[in-house]
Amino acid sequence: MPPASASGPVTPGARPETHPETRVVAVVVTWNRRDLLVESIEALRAQTHLPAAIVVVDNDSTDDTAGLLGSSFGDGLDVVRLQENTGGAGGFTVGVEKALNHHPDLVWLLDDDTVPTPTAAAELVAAWENYPGERPAVLASRVVWTDGRDHPMNTPRAKPGATAEEKAAAATVGAFPVRSASFVSIMCDAATIRERGLPVADYFLWNDDFEYSTRLIRDGVGLSCPSSLVVHKTKVFGSTDVDPGERFYFEVRNKLWVFSRSGGLSLPERGLYSAATARRWVRTFRSSSDRKTLRRALGRGLIAGLRRPRTNGAVLATARPVPVPAAEPLPFSLLISTYGGDDPAYLRDAFVSSTERQTRAPAEVVLVQDGPVPPALAAEIARIVETSPIPVKHLELAENLGLGPALDAGLAASSHEVVARMDSDDVSRPDRFARQLPLIEAGADIVGSGLIEFGSSIEDVVGTRTPPTDPDEIRRVIRFRDPFNHPTVVYRRSAVLAAGGYTDMALLEDYLLFTRMVEGGAVPANLAEPLVYYRVGDGAYARRGGTSLLRSEIALQRRFRRLGITSRTEFVRNVAVRGGYRLVPEGVRKVAYRRLLANRTGEARG
(Lines give C-alpha, C1' and ligand atoms only; values in the text may rest on other atoms or scores of the structure.)
Protein backbone atom coordinates (compact mmCIF):
# COMPACT_ATOMS: atom_id res chain seq x y z
CA MET A 1 0.00 0.00 0.00
CA PRO A 2 1.54 3.36 -0.91
CA PRO A 3 2.40 5.61 2.01
CA ALA A 4 0.62 8.89 2.61
CA SER A 5 2.65 12.04 2.27
CA ALA A 6 2.15 15.77 2.59
CA SER A 7 3.17 17.58 -0.56
CA GLY A 8 5.32 20.68 -0.53
CA PRO A 9 7.12 22.42 2.32
CA VAL A 10 5.28 23.36 5.48
CA THR A 11 6.41 26.33 7.53
CA PRO A 12 5.16 26.45 11.10
CA GLY A 13 2.84 29.40 11.50
CA ALA A 14 1.61 31.37 14.46
CA ARG A 15 1.16 29.64 17.78
CA PRO A 16 -2.11 27.66 17.61
CA GLU A 17 -4.80 28.09 20.25
CA THR A 18 -4.49 25.31 22.85
CA HIS A 19 -5.59 24.86 26.43
CA PRO A 20 -2.57 25.07 28.74
CA GLU A 21 -4.21 22.57 31.12
CA THR A 22 -3.90 19.84 28.47
CA ARG A 23 -1.03 17.84 29.95
CA VAL A 24 1.53 16.54 27.48
CA VAL A 25 4.24 14.19 28.73
CA ALA A 26 7.10 13.69 26.28
CA VAL A 27 9.02 10.39 26.11
CA VAL A 28 12.46 10.24 24.47
CA VAL A 29 14.33 6.94 24.09
CA THR A 30 18.07 7.31 23.58
CA TRP A 31 21.12 5.18 22.87
CA ASN A 32 24.60 6.60 22.25
CA ARG A 33 23.46 9.88 20.69
CA ARG A 34 24.52 12.32 23.37
CA ASP A 35 24.82 15.43 21.20
CA LEU A 36 21.58 14.78 19.30
CA LEU A 37 19.82 14.09 22.61
CA VAL A 38 20.89 17.53 23.85
CA GLU A 39 19.41 19.11 20.73
CA SER A 40 16.18 17.13 21.08
CA ILE A 41 15.67 17.97 24.77
CA GLU A 42 16.44 21.65 24.23
CA ALA A 43 13.84 21.69 21.45
CA LEU A 44 11.29 20.11 23.81
CA ARG A 45 12.06 22.73 26.44
CA ALA A 46 11.44 25.43 23.84
CA GLN A 47 7.96 24.26 22.83
CA THR A 48 5.16 26.82 22.79
CA HIS A 49 2.98 24.15 24.44
CA LEU A 50 5.45 23.10 27.09
CA PRO A 51 5.40 19.42 28.16
CA ALA A 52 4.31 18.91 31.76
CA ALA A 53 7.13 16.38 32.07
CA ILE A 54 9.89 14.91 29.92
CA VAL A 55 10.74 11.23 30.42
CA VAL A 56 14.12 10.12 29.07
CA VAL A 57 14.86 6.40 28.79
CA ASP A 58 18.59 5.70 28.43
CA ASN A 59 18.90 2.30 26.72
CA ASP A 60 22.23 1.46 28.41
CA SER A 61 24.24 3.99 26.42
CA THR A 62 28.00 3.46 26.42
CA ASP A 63 28.94 7.06 25.60
CA ASP A 64 28.63 9.94 28.10
CA THR A 65 24.82 10.02 28.00
CA ALA A 66 24.54 8.87 31.62
CA GLY A 67 26.90 11.62 32.73
CA LEU A 68 24.93 14.20 30.77
CA LEU A 69 21.61 13.14 32.29
CA GLY A 70 23.17 13.10 35.75
CA SER A 71 24.44 16.66 35.38
CA SER A 72 22.53 19.93 35.67
CA PHE A 73 21.26 19.31 32.12
CA GLY A 74 19.12 16.51 33.54
CA ASP A 75 17.42 18.74 36.11
CA GLY A 76 13.68 18.52 35.62
CA LEU A 77 13.89 15.37 33.52
CA ASP A 78 12.44 12.05 34.66
CA VAL A 79 15.32 9.74 33.73
CA VAL A 80 15.20 5.94 33.58
CA ARG A 81 18.50 4.20 32.87
CA LEU A 82 18.10 0.61 31.69
CA GLN A 83 20.81 -1.95 32.34
CA GLU A 84 20.79 -3.34 28.81
CA ASN A 85 19.80 -2.11 25.36
CA THR A 86 16.21 -3.22 24.79
CA GLY A 87 15.79 -1.33 21.52
CA GLY A 88 13.01 1.12 20.78
CA ALA A 89 10.37 -1.45 21.70
CA GLY A 90 11.64 -1.93 25.26
CA GLY A 91 12.60 1.70 25.68
CA PHE A 92 9.20 3.05 24.71
CA THR A 93 7.45 0.41 26.81
CA VAL A 94 9.31 1.65 29.88
CA GLY A 95 8.87 5.28 28.81
CA VAL A 96 5.11 5.10 28.31
CA GLU A 97 4.76 3.23 31.60
CA LYS A 98 6.69 6.00 33.35
CA ALA A 99 4.76 8.75 31.57
CA LEU A 100 1.44 7.51 32.94
CA ASN A 101 2.67 8.38 36.44
CA HIS A 102 2.58 12.06 35.44
CA HIS A 103 -1.21 11.99 34.78
CA PRO A 104 -0.99 12.99 31.11
CA ASP A 105 -3.76 13.76 28.65
CA LEU A 106 -1.35 13.03 25.79
CA VAL A 107 1.93 11.08 25.62
CA TRP A 108 4.38 12.34 22.99
CA LEU A 109 6.81 9.68 21.75
CA LEU A 110 10.03 10.81 20.06
CA ASP A 111 13.35 9.33 18.95
CA ASP A 112 16.52 10.88 20.33
CA ASP A 113 17.53 12.16 16.87
CA THR A 114 14.22 13.97 16.41
CA VAL A 115 14.25 17.75 16.75
CA PRO A 116 10.75 19.24 16.94
CA THR A 117 10.13 22.78 15.72
CA PRO A 118 8.80 25.15 18.44
CA THR A 119 5.10 24.70 17.58
CA ALA A 120 5.22 20.95 16.87
CA ALA A 121 3.54 20.00 20.15
CA ALA A 122 1.00 22.83 20.01
CA GLU A 123 -0.12 21.82 16.53
CA LEU A 124 -0.78 18.24 17.64
CA VAL A 125 -2.55 19.37 20.80
CA ALA A 126 -4.74 21.76 18.81
CA ALA A 127 -5.76 18.98 16.43
CA TRP A 128 -6.55 16.70 19.39
CA GLU A 129 -8.60 19.38 21.16
CA ASN A 130 -10.51 20.65 18.12
CA TYR A 131 -11.20 17.46 16.17
CA PRO A 132 -14.98 17.07 15.73
CA GLY A 133 -16.11 13.87 17.45
CA GLU A 134 -14.13 11.45 19.60
CA ARG A 135 -10.61 12.39 20.56
CA PRO A 136 -7.99 11.07 18.12
CA ALA A 137 -6.04 8.12 19.52
CA VAL A 138 -2.81 8.94 17.66
CA LEU A 139 -1.56 12.14 16.02
CA ALA A 140 1.59 12.08 13.90
CA SER A 141 3.92 14.93 12.99
CA ARG A 142 5.27 15.57 9.53
CA VAL A 143 8.84 14.24 9.55
CA VAL A 144 11.49 15.80 7.31
CA TRP A 145 15.19 15.24 6.87
CA THR A 146 17.84 17.87 7.46
CA ASP A 147 17.39 19.29 3.94
CA GLY A 148 13.60 19.68 4.28
CA ARG A 149 12.56 16.63 2.23
CA ASP A 150 9.89 14.32 3.64
CA HIS A 151 11.73 11.46 5.33
CA PRO A 152 10.81 8.13 3.65
CA MET A 153 11.50 6.21 6.86
CA ASN A 154 8.74 7.92 8.83
CA THR A 155 5.76 8.55 6.56
CA PRO A 156 2.44 7.53 8.18
CA ARG A 157 0.31 5.03 6.28
CA ALA A 158 -2.94 6.51 5.03
CA LYS A 159 -6.07 4.79 6.27
CA PRO A 160 -7.30 2.39 3.57
CA GLY A 161 -10.88 3.09 2.58
CA ALA A 162 -11.20 6.27 4.65
CA THR A 163 -14.69 7.69 4.11
CA ALA A 164 -15.45 11.16 2.83
CA GLU A 165 -16.76 12.05 6.29
CA GLU A 166 -13.52 10.92 7.95
CA LYS A 167 -11.44 12.93 5.49
CA ALA A 168 -13.63 15.99 5.96
CA ALA A 169 -13.40 15.74 9.77
CA ALA A 170 -9.62 15.46 9.57
CA ALA A 171 -9.45 18.40 7.19
CA THR A 172 -11.14 20.66 9.76
CA VAL A 173 -7.93 20.45 11.84
CA GLY A 174 -5.59 20.46 8.83
CA ALA A 175 -4.94 16.71 8.95
CA PHE A 176 -5.72 13.49 7.09
CA PRO A 177 -6.65 9.99 8.38
CA VAL A 178 -3.89 7.43 8.90
CA ARG A 179 -3.83 3.83 10.06
CA SER A 180 -0.31 3.69 11.52
CA ALA A 181 2.60 5.97 12.32
CA SER A 182 6.19 5.98 13.54
CA PHE A 183 7.58 6.53 17.03
CA VAL A 184 9.75 9.30 15.56
CA SER A 185 7.05 11.78 16.64
CA ILE A 186 3.52 10.76 17.60
CA MET A 187 1.17 11.93 20.34
CA CYS A 188 -1.03 9.24 21.85
CA ASP A 189 -4.25 9.78 23.77
CA ALA A 190 -3.52 8.71 27.36
CA ALA A 191 -7.03 7.37 27.95
CA THR A 192 -6.60 5.06 24.95
CA ILE A 193 -3.21 3.93 26.29
CA ARG A 194 -4.78 3.08 29.64
CA GLU A 195 -7.42 1.02 27.85
CA ARG A 196 -5.21 -0.77 25.32
CA GLY A 197 -1.94 -1.15 27.15
CA LEU A 198 1.75 -0.52 26.59
CA PRO A 199 3.94 -1.28 23.58
CA VAL A 200 5.18 -4.87 23.31
CA ALA A 201 8.80 -4.91 24.43
CA ASP A 202 9.66 -8.10 22.55
CA TYR A 203 9.25 -6.34 19.16
CA PHE A 204 12.95 -5.59 19.15
CA LEU A 205 14.18 -3.50 16.21
CA TRP A 206 11.21 -3.39 13.79
CA ASN A 207 7.42 -3.04 13.63
CA ASP A 208 7.01 -2.06 17.28
CA ASP A 209 5.59 1.32 16.31
CA PHE A 210 3.44 -0.21 13.55
CA GLU A 211 1.92 -2.72 15.99
CA TYR A 212 1.36 -0.17 18.73
CA SER A 213 -0.07 2.63 16.61
CA THR A 214 -2.48 0.28 14.82
CA ARG A 215 -3.58 -1.12 18.18
CA LEU A 216 -4.31 2.34 19.54
CA ILE A 217 -6.03 3.56 16.37
CA ARG A 218 -8.21 0.50 15.70
CA ASP A 219 -11.90 1.48 15.74
CA GLY A 220 -10.80 5.04 16.46
CA VAL A 221 -9.10 7.99 14.83
CA GLY A 222 -5.50 8.40 13.68
CA LEU A 223 -4.35 11.68 12.14
CA SER A 224 -1.30 12.96 10.32
CA CYS A 225 -0.83 16.67 11.03
CA PRO A 226 1.52 18.28 8.48
CA SER A 227 1.63 21.55 10.42
CA SER A 228 3.42 19.76 13.26
CA LEU A 229 6.93 19.66 11.88
CA VAL A 230 9.92 17.70 13.24
CA VAL A 231 13.36 17.09 11.77
CA HIS A 232 14.67 13.52 11.88
CA LYS A 233 18.45 13.82 11.84
CA THR A 234 19.42 10.38 10.58
CA LYS A 235 22.90 10.00 9.12
CA VAL A 236 21.57 9.22 5.65
CA PHE A 237 18.37 9.92 3.74
CA GLY A 238 16.49 6.71 3.08
CA SER A 239 14.73 3.71 4.54
CA THR A 240 16.34 1.22 6.93
CA ASP A 241 14.89 -1.86 5.19
CA VAL A 242 17.12 -1.66 2.10
CA ASP A 243 19.07 -4.94 1.98
CA PRO A 244 18.65 -5.56 5.74
CA GLY A 245 20.82 -8.70 5.95
CA GLU A 246 20.49 -10.67 9.19
CA ARG A 247 18.12 -8.03 10.57
CA PHE A 248 15.50 -9.35 8.15
CA TYR A 249 14.85 -11.96 10.85
CA PHE A 250 13.22 -9.30 13.04
CA GLU A 251 11.11 -7.99 10.17
CA VAL A 252 9.75 -11.48 9.42
CA ARG A 253 9.21 -12.55 13.04
CA ASN A 254 7.58 -9.30 14.10
CA LYS A 255 5.30 -9.07 11.05
CA LEU A 256 4.05 -12.60 11.78
CA TRP A 257 3.37 -11.51 15.35
CA VAL A 258 1.44 -8.46 14.12
CA PHE A 259 -0.71 -10.53 11.77
CA SER A 260 -1.33 -13.43 14.16
CA ARG A 261 -1.02 -12.12 17.72
CA SER A 262 -1.79 -8.41 17.82
CA GLY A 263 -5.23 -6.89 18.21
CA GLY A 264 -4.24 -3.93 16.07
CA LEU A 265 -5.65 -5.10 12.73
CA SER A 266 -9.04 -6.41 11.72
CA LEU A 267 -9.24 -9.59 9.65
CA PRO A 268 -9.62 -7.75 6.30
CA GLU A 269 -6.75 -5.44 7.26
CA ARG A 270 -4.54 -8.42 8.04
CA GLY A 271 -5.13 -9.71 4.53
CA LEU A 272 -4.42 -6.31 3.00
CA TYR A 273 -1.24 -5.67 4.96
CA SER A 274 -0.03 -9.26 4.57
CA ALA A 275 -0.23 -8.91 0.79
CA ALA A 276 1.61 -5.58 0.92
CA THR A 277 4.28 -7.13 3.15
CA ALA A 278 4.76 -10.08 0.80
CA ARG A 279 5.26 -7.71 -2.15
CA ARG A 280 7.80 -5.69 -0.17
CA TRP A 281 9.71 -8.84 0.80
CA VAL A 282 9.87 -9.87 -2.85
CA ARG A 283 11.31 -6.45 -3.74
CA THR A 284 13.82 -6.78 -0.90
CA PHE A 285 15.05 -10.12 -2.25
CA ARG A 286 15.26 -8.81 -5.81
CA SER A 287 17.40 -5.85 -4.83
CA SER A 288 19.59 -7.71 -2.32
CA SER A 289 23.24 -8.42 -2.95
CA ASP A 290 23.22 -11.25 -0.37
CA ARG A 291 20.11 -13.36 -0.88
CA LYS A 292 21.59 -16.30 0.99
CA THR A 293 21.65 -14.27 4.21
CA LEU A 294 18.08 -13.10 3.58
CA ARG A 295 16.86 -16.68 3.04
CA ARG A 296 18.49 -17.77 6.28
CA ALA A 297 16.92 -14.83 8.16
CA LEU A 298 13.54 -15.55 6.54
CA GLY A 299 13.58 -19.17 7.75
CA ARG A 300 14.57 -18.23 11.28
CA GLY A 301 11.95 -15.48 11.37
CA LEU A 302 9.16 -17.80 10.18
CA ILE A 303 9.97 -20.31 12.93
CA ALA A 304 10.29 -17.66 15.65
CA GLY A 305 7.03 -16.04 14.56
CA LEU A 306 5.12 -19.19 15.52
CA ARG A 307 5.67 -18.59 19.24
CA ARG A 308 4.01 -15.76 21.12
CA PRO A 309 5.99 -12.66 22.16
CA ARG A 310 7.31 -12.76 25.69
CA THR A 311 5.56 -10.63 28.29
CA ASN A 312 6.96 -7.18 28.96
CA GLY A 313 7.91 -8.35 32.43
CA ALA A 314 9.99 -11.21 31.04
CA VAL A 315 11.71 -9.04 28.42
CA LEU A 316 12.55 -6.24 30.83
CA ALA A 317 13.33 -8.35 33.91
CA THR A 318 17.08 -7.90 33.66
CA ALA A 319 16.99 -4.46 32.06
CA ARG A 320 15.04 -2.50 34.65
CA PRO A 321 16.98 -0.77 37.43
CA VAL A 322 17.31 -3.03 40.48
CA PRO A 323 14.95 -1.77 43.21
CA VAL A 324 16.77 -0.38 46.20
CA PRO A 325 15.27 -1.60 49.49
CA ALA A 326 13.80 1.23 51.55
CA ALA A 327 16.23 2.50 54.18
CA GLU A 328 13.36 3.53 56.47
CA PRO A 329 9.76 2.38 56.89
CA LEU A 330 7.62 3.81 54.10
CA PRO A 331 4.52 5.86 54.88
CA PHE A 332 1.41 4.62 53.13
CA SER A 333 -2.16 5.62 52.35
CA LEU A 334 -5.21 3.51 53.18
CA LEU A 335 -7.82 3.58 50.39
CA ILE A 336 -11.46 2.80 51.23
CA SER A 337 -14.48 3.32 48.98
CA THR A 338 -18.02 3.42 50.37
CA TYR A 339 -21.40 3.87 48.71
CA GLY A 340 -25.07 4.22 49.60
CA GLY A 341 -25.65 0.52 50.13
CA ASP A 342 -23.02 0.10 52.87
CA ASP A 343 -23.83 -0.57 56.51
CA PRO A 344 -22.51 2.23 58.80
CA ALA A 345 -21.46 -0.23 61.53
CA TYR A 346 -19.53 -2.36 59.05
CA LEU A 347 -17.73 0.74 57.74
CA ARG A 348 -16.77 1.67 61.30
CA ASP A 349 -15.35 -1.83 61.94
CA ALA A 350 -13.39 -1.77 58.68
CA PHE A 351 -11.98 1.68 59.41
CA VAL A 352 -10.98 1.13 63.04
CA SER A 353 -9.45 -2.31 62.38
CA SER A 354 -7.29 -0.85 59.60
CA THR A 355 -6.12 2.28 61.42
CA GLU A 356 -5.93 2.66 65.21
CA ARG A 357 -5.83 -1.09 65.89
CA GLN A 358 -2.90 -1.70 63.55
CA THR A 359 0.59 -2.29 64.92
CA ARG A 360 1.79 -0.35 61.86
CA ALA A 361 -0.75 2.29 60.95
CA PRO A 362 -1.23 4.21 57.68
CA ALA A 363 -0.08 7.82 57.42
CA GLU A 364 -3.41 8.89 55.94
CA VAL A 365 -6.79 7.51 54.93
CA VAL A 366 -8.45 8.34 51.61
CA LEU A 367 -12.16 7.69 52.07
CA VAL A 368 -14.04 7.88 48.77
CA GLN A 369 -17.79 8.40 49.04
CA ASP A 370 -19.09 7.01 45.76
CA GLY A 371 -22.21 9.13 45.25
CA PRO A 372 -25.03 10.15 47.63
CA VAL A 373 -25.47 8.11 50.83
CA PRO A 374 -28.34 7.77 53.33
CA PRO A 375 -28.32 9.97 56.49
CA ALA A 376 -27.08 7.20 58.82
CA LEU A 377 -24.07 6.43 56.64
CA ALA A 378 -23.38 10.15 56.12
CA ALA A 379 -23.37 10.64 59.89
CA GLU A 380 -20.93 7.74 60.36
CA ILE A 381 -18.60 9.13 57.68
CA ALA A 382 -18.67 12.51 59.43
CA ARG A 383 -17.83 10.89 62.79
CA ILE A 384 -14.94 8.99 61.23
CA VAL A 385 -13.49 12.13 59.68
CA GLU A 386 -13.87 14.14 62.90
CA THR A 387 -12.61 11.56 65.41
CA SER A 388 -9.95 9.63 63.53
CA PRO A 389 -6.46 9.86 65.06
CA ILE A 390 -5.12 9.50 61.50
CA PRO A 391 -5.77 12.26 58.92
CA VAL A 392 -8.70 11.42 56.62
CA LYS A 393 -9.26 12.80 53.12
CA HIS A 394 -12.99 12.57 52.47
CA LEU A 395 -13.45 12.52 48.69
CA GLU A 396 -17.14 12.96 47.88
CA LEU A 397 -18.21 12.04 44.33
CA ALA A 398 -21.35 13.72 43.03
CA GLU A 399 -22.79 10.49 41.65
CA ASN A 400 -22.24 6.78 42.00
CA LEU A 401 -19.58 5.82 39.44
CA GLY A 402 -18.83 2.26 40.52
CA LEU A 403 -15.88 0.76 42.36
CA GLY A 404 -13.27 1.10 39.60
CA PRO A 405 -13.69 4.84 38.89
CA ALA A 406 -14.07 5.54 42.63
CA LEU A 407 -10.77 3.83 43.40
CA ASP A 408 -9.07 5.64 40.52
CA ALA A 409 -10.24 8.93 42.04
CA GLY A 410 -8.93 7.80 45.43
CA LEU A 411 -5.54 6.88 43.99
CA ALA A 412 -5.27 10.33 42.41
CA ALA A 413 -5.92 11.88 45.84
CA SER A 414 -3.44 9.65 47.71
CA SER A 415 -0.34 11.41 49.01
CA HIS A 416 1.95 8.39 49.18
CA GLU A 417 3.53 5.97 46.72
CA VAL A 418 2.38 2.94 48.71
CA VAL A 419 -1.37 2.40 49.00
CA ALA A 420 -3.26 -0.28 50.95
CA ARG A 421 -6.75 -1.33 49.95
CA MET A 422 -9.59 -2.07 52.33
CA ASP A 423 -13.23 -2.87 51.63
CA SER A 424 -15.87 -1.03 53.62
CA ASP A 425 -17.33 -4.13 55.27
CA ASP A 426 -14.27 -6.27 56.09
CA VAL A 427 -11.98 -6.44 59.12
CA SER A 428 -8.15 -6.29 59.13
CA ARG A 429 -6.01 -8.29 61.50
CA PRO A 430 -3.89 -6.03 63.75
CA ASP A 431 -0.60 -7.20 62.21
CA ARG A 432 -1.76 -6.93 58.61
CA PHE A 433 0.33 -3.97 57.50
CA ALA A 434 3.28 -4.91 59.70
CA ARG A 435 3.40 -8.17 57.72
CA GLN A 436 2.81 -6.75 54.23
CA LEU A 437 4.80 -3.51 54.12
CA PRO A 438 8.24 -5.15 54.51
CA LEU A 439 7.64 -7.01 51.23
CA ILE A 440 6.86 -3.74 49.46
CA GLU A 441 9.95 -2.13 51.01
CA ALA A 442 12.04 -5.06 49.75
CA GLY A 443 10.99 -4.40 46.14
CA ALA A 444 7.56 -5.95 45.51
CA ASP A 445 5.00 -3.88 43.62
CA ILE A 446 1.86 -5.66 44.83
CA VAL A 447 1.40 -7.79 47.95
CA GLY A 448 -1.76 -9.69 48.84
CA SER A 449 -2.58 -12.20 51.51
CA GLY A 450 -4.97 -14.94 52.44
CA LEU A 451 -8.33 -14.12 53.94
CA ILE A 452 -10.90 -15.68 56.25
CA GLU A 453 -14.51 -15.63 55.12
CA PHE A 454 -17.01 -15.06 57.92
CA GLY A 455 -20.76 -14.78 58.34
CA SER A 456 -22.50 -13.02 61.22
CA SER A 457 -19.24 -12.36 63.12
CA ILE A 458 -15.53 -13.06 62.69
CA GLU A 459 -16.00 -16.10 64.95
CA ASP A 460 -18.47 -17.48 62.40
CA VAL A 461 -15.82 -18.76 59.98
CA VAL A 462 -17.19 -19.92 56.64
CA GLY A 463 -13.88 -20.72 54.91
CA THR A 464 -10.49 -19.41 53.91
CA ARG A 465 -8.88 -18.33 50.66
CA THR A 466 -5.17 -19.02 50.36
CA PRO A 467 -3.45 -17.41 47.37
CA PRO A 468 -0.38 -18.73 45.53
CA THR A 469 2.80 -17.31 47.05
CA ASP A 470 5.46 -18.24 44.48
CA PRO A 471 5.91 -15.32 42.04
CA ASP A 472 6.25 -17.67 39.06
CA GLU A 473 3.04 -19.45 40.06
CA ILE A 474 1.26 -16.09 40.35
CA ARG A 475 2.41 -15.20 36.83
CA ARG A 476 1.33 -18.61 35.53
CA VAL A 477 -2.21 -18.70 36.90
CA ILE A 478 -3.16 -15.06 36.40
CA ARG A 479 -4.33 -15.61 32.81
CA PHE A 480 -7.04 -17.93 34.10
CA ARG A 481 -7.90 -16.70 37.58
CA ASP A 482 -7.13 -13.82 39.92
CA PRO A 483 -4.29 -14.87 42.27
CA PHE A 484 -4.87 -11.85 44.53
CA ASN A 485 -7.61 -11.29 47.07
CA HIS A 486 -8.49 -7.68 46.29
CA PRO A 487 -9.50 -6.61 49.84
CA THR A 488 -6.03 -7.64 51.07
CA VAL A 489 -3.69 -5.95 48.59
CA VAL A 490 -1.04 -3.31 49.20
CA TYR A 491 0.61 -1.88 46.08
CA ARG A 492 2.79 0.82 44.65
CA ARG A 493 0.70 3.62 43.23
CA SER A 494 3.13 4.08 40.32
CA ALA A 495 2.71 0.43 39.29
CA VAL A 496 -1.08 0.81 39.31
CA LEU A 497 -0.96 4.00 37.23
CA ALA A 498 1.51 2.42 34.79
CA ALA A 499 -1.01 -0.38 34.20
CA GLY A 500 -3.77 2.13 33.44
CA GLY A 501 -5.53 2.14 36.81
CA TYR A 502 -8.73 0.30 37.59
CA THR A 503 -10.79 1.70 34.68
CA ASP A 504 -14.50 0.89 34.48
CA MET A 505 -14.66 -2.90 34.14
CA ALA A 506 -17.72 -3.49 36.30
CA LEU A 507 -17.34 -6.31 38.87
CA LEU A 508 -13.94 -7.45 37.55
CA GLU A 509 -11.92 -4.23 37.60
CA ASP A 510 -9.43 -5.59 40.14
CA TYR A 511 -8.64 -8.73 38.12
CA LEU A 512 -8.05 -6.68 34.96
CA LEU A 513 -5.76 -4.29 36.82
CA PHE A 514 -3.70 -6.96 38.58
CA THR A 515 -3.25 -8.95 35.37
CA ARG A 516 -2.05 -5.86 33.49
CA MET A 517 0.34 -5.06 36.34
CA VAL A 518 1.90 -8.51 36.43
CA GLU A 519 2.02 -8.88 32.63
CA GLY A 520 3.65 -5.46 32.46
CA GLY A 521 6.45 -6.49 34.82
CA ALA A 522 5.20 -5.56 38.29
CA VAL A 523 6.84 -7.72 40.96
CA PRO A 524 4.11 -9.80 42.66
CA ALA A 525 4.04 -11.31 46.14
CA ASN A 526 1.47 -12.94 48.41
CA LEU A 527 1.42 -14.00 52.03
CA ALA A 528 -0.41 -17.27 52.59
CA GLU A 529 -1.67 -16.44 56.05
CA PRO A 530 -5.07 -14.71 56.27
CA LEU A 531 -4.67 -11.07 57.27
CA VAL A 532 -8.21 -9.91 56.46
CA TYR A 533 -11.61 -11.17 57.59
CA TYR A 534 -13.90 -11.08 54.54
CA ARG A 535 -17.62 -10.70 55.16
CA VAL A 536 -19.79 -13.22 53.32
CA GLY A 537 -23.41 -12.15 53.65
CA ASP A 538 -26.65 -13.36 52.17
CA GLY A 539 -26.55 -13.48 48.40
CA ALA A 540 -22.76 -13.79 48.16
CA TYR A 541 -22.96 -16.71 45.76
CA ALA A 542 -25.77 -15.14 43.77
CA ARG A 543 -23.53 -12.11 43.18
CA ARG A 544 -20.85 -14.35 41.67
CA GLY A 545 -23.20 -15.34 38.85
CA GLY A 546 -25.91 -14.05 36.58
CA THR A 547 -26.05 -12.40 33.19
CA SER A 548 -24.50 -9.10 34.37
CA LEU A 549 -21.38 -10.82 35.61
CA LEU A 550 -21.32 -13.01 32.50
CA ARG A 551 -21.29 -9.88 30.34
CA SER A 552 -18.45 -8.47 32.41
CA GLU A 553 -16.60 -11.78 32.16
CA ILE A 554 -16.85 -11.81 28.37
CA ALA A 555 -15.80 -8.14 28.20
CA LEU A 556 -12.82 -8.93 30.42
CA GLN A 557 -11.73 -11.87 28.28
CA ARG A 558 -12.05 -9.76 25.14
CA ARG A 559 -9.86 -7.13 26.75
CA PHE A 560 -7.29 -9.76 27.65
CA ARG A 561 -7.31 -11.00 24.06
CA ARG A 562 -6.99 -7.52 22.57
CA LEU A 563 -4.13 -6.71 24.93
CA GLY A 564 -2.35 -9.89 23.83
CA ILE A 565 -2.45 -11.35 27.34
CA THR A 566 -4.25 -14.53 26.24
CA SER A 567 -4.10 -16.63 23.09
CA ARG A 568 -7.20 -17.62 21.12
CA THR A 569 -7.18 -21.01 22.84
CA GLU A 570 -6.94 -19.42 26.28
CA PHE A 571 -9.72 -17.00 25.38
CA VAL A 572 -12.06 -19.85 24.42
CA ARG A 573 -11.12 -21.83 27.55
CA ASN A 574 -11.66 -18.87 29.87
CA VAL A 575 -15.02 -17.94 28.37
CA ALA A 576 -16.20 -21.55 28.52
CA VAL A 577 -15.04 -22.28 32.08
CA ARG A 578 -15.29 -18.91 33.80
CA GLY A 579 -18.37 -17.88 31.81
CA GLY A 580 -20.03 -21.23 32.44
CA TYR A 581 -19.44 -20.81 36.18
CA ARG A 582 -21.52 -17.61 36.05
CA LEU A 583 -24.50 -19.44 34.55
CA VAL A 584 -24.78 -22.59 36.65
CA PRO A 585 -27.45 -22.67 39.40
CA GLU A 586 -26.50 -20.92 42.64
CA GLY A 587 -26.30 -24.22 44.58
CA VAL A 588 -23.84 -25.69 42.08
CA ARG A 589 -21.83 -22.45 42.09
CA LYS A 590 -21.59 -22.58 45.89
CA VAL A 591 -20.26 -26.14 45.87
CA ALA A 592 -17.77 -25.36 43.08
CA TYR A 593 -16.54 -22.23 44.87
CA ARG A 594 -16.10 -24.03 48.20
CA ARG A 595 -14.17 -26.90 46.60
CA LEU A 596 -12.00 -24.95 44.18
CA LEU A 597 -11.36 -21.56 45.76
CA ALA A 598 -12.17 -21.64 49.43
CA ASN A 599 -11.52 -24.21 52.14
CA ARG A 600 -11.63 -24.41 55.90
CA THR A 601 -8.08 -25.61 56.48
CA GLY A 602 -6.27 -22.83 54.67
CA GLU A 603 -4.50 -25.20 52.28
CA ALA A 604 -3.69 -23.70 48.89
CA ARG A 605 -5.91 -24.80 46.06
CA GLY A 606 -5.02 -24.58 42.36
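**A charge over a ring**

Which residue lies over the face of Trp 128? That would be Arg 135, placed 4.1 Å from the ring centre. A charge sits over a ring if NZ of Lys or CZ of Arg is within 6 Å of the ring centre and within 35 degrees of the ring normal. Arg 465 does this too: its charged end is over the ring of Tyr 534, 4.9 Å from the centre.

**Where the numbers come from**

This is a predicted model, with local features needing pLDDT of at least 70 and side-chain atom pairs pLDDT 80 or more, while totals for chains, interfaces and linings use all residues. Residues count from 1 along each chain as its sequence is written, and side-chain values use heavy atoms, leaving out hydrogens and water.

**Rings in pairs**

Rings of Phe, Tyr and Trp (its six-membered ring) pair if their centres lie within 6.5 Å; planes under 30 degrees apart are stacked, over 60 edge-to-face, and the rest tilted. That rule gives 12 aromatic pairs. In one of them, the centres of Phe 92 and Phe 183 are 4.6 Å apart and the planes are at 50°, so the pair counts as tilted. Both Phe 92 and Phe 183 are buried (under 20% relative accessible area, with a 1.4 Å probe and protein chains only). Together with Tyr 212, Phe 92 and Phe 183 make one aromatic cluster.

**An edge-to-face pair**

Now look at Tyr 511 and Phe 560, an edge-to-face pair with 5.4 Å between centres and 90° between planes. Tyr 511 is buried, and Phe 560 is as well.

Key. Buried means under 20% relative accessible area, exposed over 50%, partly exposed in between (1.4 Å probe, protein chains only).
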